[in-house]
Amino acid sequence: MDGPPVKIVSIYITGFYVKKALNRAAKEILVSAGLRRTGGRVEILEVLQQAKMPLNQEEIQAQLDRDLNRTTVYRTLESFIQAGLVHRCFVRERAWHYELAHNCRPLQCHPHFTCTNCDRTLCLKDVFLPLVKDIPDGFIIQRQQVRIEGLCPNCS
Ligand SMILES: [Zn+2]
Ligand SMILES: [Zn+2]
Ligand SMILES: [Zn+2]
């Protein structure tokens with residue numbers, strides 16, 4: 001009984017400080033985006049900051065401490081999209097998946113890779129493709145998003 005309890009305490013303390021730091025970062029992000037700091041906005045940003053992959057609205061809602069209704073979560077995400085903080089990355093099972101925009105470039109998102117074996121979708125944060133050049137006259141590119149299918153390192 002001398003090893004494990006100490007370990008648990010240290011994990012708790014680390015988690016506490018990480019949460020504090022995230023909270024501070026979320027507030028700073030909101031201020032710099034010109035958005036009012038509400039508890040709901042801070043909390044949704046924190047969920048997106050900690051996410052390892054894009055999340056749909058239901059998954060975001062499930063990770064919130066406070067009880068926000070669907071409309072509030074939807075409107076909050078829309079305000080983040082308008083402010084350029086969050087991108088809609090792809091639709092999966094008829095639901096948009098959202099992620100923070102900080103790993104994307106002005107005209108394009110990093111590609112998303114879906115494994116056809118384990119069904120996971122991964123962010124390829126350091127991969128960018130050239131913007132398409134031969135689009136017909138009159139079209140203006142606002143955002144290029146690429147989805148790739150194949151086998152992930154675990155499955156290949
Ligand atoms: Zn993006
Ligand atoms: Zn896989
Ligand atoms: Zn991504």
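A nonpolar core is taken here as a set of buried Ala, Val, Leu, Ile, Met, Phe, Trp, Tyr and Cys residues joined through C-beta atoms within 7 Å. In the predicted model examined here, the largest such core comprises 17 residues, and those with the most contacts inside it are Ile29, Ile44, Leu45, Leu48, Val86 and Tyr98. Two or more residues are contributed to this core by each of helix H1 (4–32), helix H2 (39–50), helix H4 (70–82) and strand S2 (86–92). The largest share, four residues, is supplied by H2. When neighbours within four places in sequence are set aside, Ile29 is in contact with Leu45 and Leu85. In soluble globular proteins, nonpolar side chains tend to be buried together.

The strands form an open three-stranded sheet in the order S1-S3-S2, with antiparallel pairing. Six bridges connect S2 and S3 in the antiparallel sense; Val91, for example, has Trp96 in S3 as its bridge partner.

Strand S3 (residues 95–100) also contains His97. This residue counts as buried because 21 C-beta neighbours fall inside 10 Å, the cut-off for burial being 20 or more. Apart from neighbours within four places in sequence, His97 is in contact with Pro54, Leu55, Asn56, Cys89, Phe90 and Arg92. A C-alpha to C-alpha distance of 9.6 Å separates His97 from Ile60, the two being 37 residues apart in sequence.

Key:
Residues numbered from 1 in each chain as written. Chains lettered and ligands numbered in written order. Predicted model: local features only at pLDDT ≥ 70, side-chain atom pairs only at ≥ 80, totals over all residues. Buried ≥ 20, exposed ≤ 12 C-beta atoms within 10 Å, placed from the backbone. Contact = placed C-beta atoms within 7 Å. Pairing = 2+ DSSP bridges.
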